Amino acid sequence: MARRWDVMTERKAVSELRVGIAGLGSIGTKIATALDQGIEGLTLSAIAVRDPAKHQALVDGLRRSPTIVPIDQLGDVADIVVECAPSQHLREIVEPAVRRGKSAVVVSVGGLLDNFDLVDLARANGGRIIVPTGALIGLDAVNAAAVGTIHSVKMVTRKPIDGLKGAPFIVENNIDIDNLREPLKLFEGTAREAAKGFPANLNVAVALSLAGVGPDRTQVQIWADPTVTRNVHRIEVEADSARFSMSIENIPSENPKTGLITALSVIALLRKQRATLCVGT
Ligand SMILES: NC(=O)C1=CN([C@@H]2O[C@H](COP(=O)(O)OP(=O)(O)OC[C@H]3O[C@@H](n4cnc5c(N)ncnc54)[C@H](OP(=O)(O)O)[C@@H]3O)[C@@H](O)[C@H]2O)C=CC1
Ligand SMILES: O=C([O-])CC(=O)C(=O)O
């Protein structure tokens, strides 16, 4: 009996992890709502948005109102900062958090490649940078294969036209994708190059590369495809432990560039932070 009481006291002593969210777009809104509805051991403590008035209705609808803070102050008031803003804000969000030894969950993972010193900063201060599987599939298997030797990783992405519009690669090369009647291969190269040319469309390629053989050895093809309605990613991995192919067909969210499953992936990751039973690597 006494033993059981001890355990209960110990459990109570573990404080809730405070979560801060940067950006309340198609991803951030769903994460905020899920946290407010309840994730074991986690509390939504703060959010950072560009225009608080625009998001007032959402904030008012939450059961427990988070504090609204400037984007670079999330790390002061949260133990886990979730970055889901445009990638140009990645540094402002992640640096203050990891400098204070906090964890940063990064969805604009393409932006990490130009800010990779943040990983060293996190290491030096006891912080962590966590990249969710996001809109992709199978990073558990890629992580496992990378413990051995991976020979090659190839990814082919097909997106509907709306999911690619405005990408710097398309604009700079003056490619007209609006009037396509059949699939057009836009790009073939490394994940690092893909992230530069398609910063809001190909975070998945960078996540894949960081799980596996790195951004310079991960080969990527990008197709603009008027025949698909989903964001389709197909991956092939050749390793000394296994050969595997995986594909995912993502339903676009309100933001046509972003698959609906991305927010769910972050929510699943947050659930694991304090879950008693964790499944998958
Ligand atoms: N890792 C992955 O698998 C995936 C990653 N992504 C990436 O995730 C990120 C978020 O995507 P998504 O939610 O669809 O994007 P959205 O465009 O829907 O939302 C972005 C949000 O960031 C907010 N924002 C912009 N500037 C600031 C600022 N200065 N301070 C605070 N907030 C700001 C916007 O505010 P406002 O509402 O006022 O405009 C908006 O709410 C993107 O970088 C995207 O490329 C997307 C899909 C998959
Ligand atoms: O949602 C998707 O299919 C992928 C995506 O936008 C990204 O990686 O940035």
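Predicted model: local features only at pLDDT ≥ 70, side-chain atom pairs only at ≥ 80, totals over all residues.
**Stop 1: the domains.** Select residues 2-134 together with 262-274; the domain assignment calls this domain 1. The centres of domain 1 and domain 2, taken over C-alpha atoms, are 26 Å apart.

**Stop 2: where the domains touch.** Domain 1 contributes 11 residues to the contact, and domain 2 contributes 12 residues. On the domain 1 side, five of the residues are nonpolar and six are polar, with no charged residues.

**Stop 3: the annotated pair.** Now select Ala135 and Asn203, which an unreviewed UniProt entry annotates as "binding site".

**Stop 4: Ala135.** Zoom in on Ala135, in the loop that runs between strand 6 (128-130) and helix 7 (139-147). Is Ala135 buried or exposed? A residue counts as buried if 20 or more other C-beta atoms lie within 10 Å of its own. Ala135 has 28 within 10 Å, so Ala135 is buried. Leaving out residues up to four places away in sequence, show the residues that Ala135 touches: Val204, Asn231, Asn250, Gly259, Ile261 and Thr262.

**Stop 5: Asn203.** Move to helix 10, residues 203-211, where Asn203 lies. Asn203 is buried too, with 28 other C-beta atoms within 10 Å. Which residues are in contact with Asn203, leaving aside neighbours within four places in sequence? Select Val107, Ser108, Val109, Gly110 and Gly134 to see them.

How values were computed:
Residues numbered from 1 in each chain as written. Chains lettered and ligands numbered in written order. Domains from an automatic or database assignment. Contact = placed C-beta atoms within 7 Å. Nonpolar A, V, L, I, M, F, W, Y, C, P; charged D, E, K, R; others polar. UniProt positions renumbered as here; feature names shortened; annotations may be inferred. Helix = DSSP H or I, 4+ residues; strand = E, 2+ residues; numbered from the N terminus. Buried ≥ 20, exposed ≤ 12 C-beta atoms within 10 Å, placed from the backbone.
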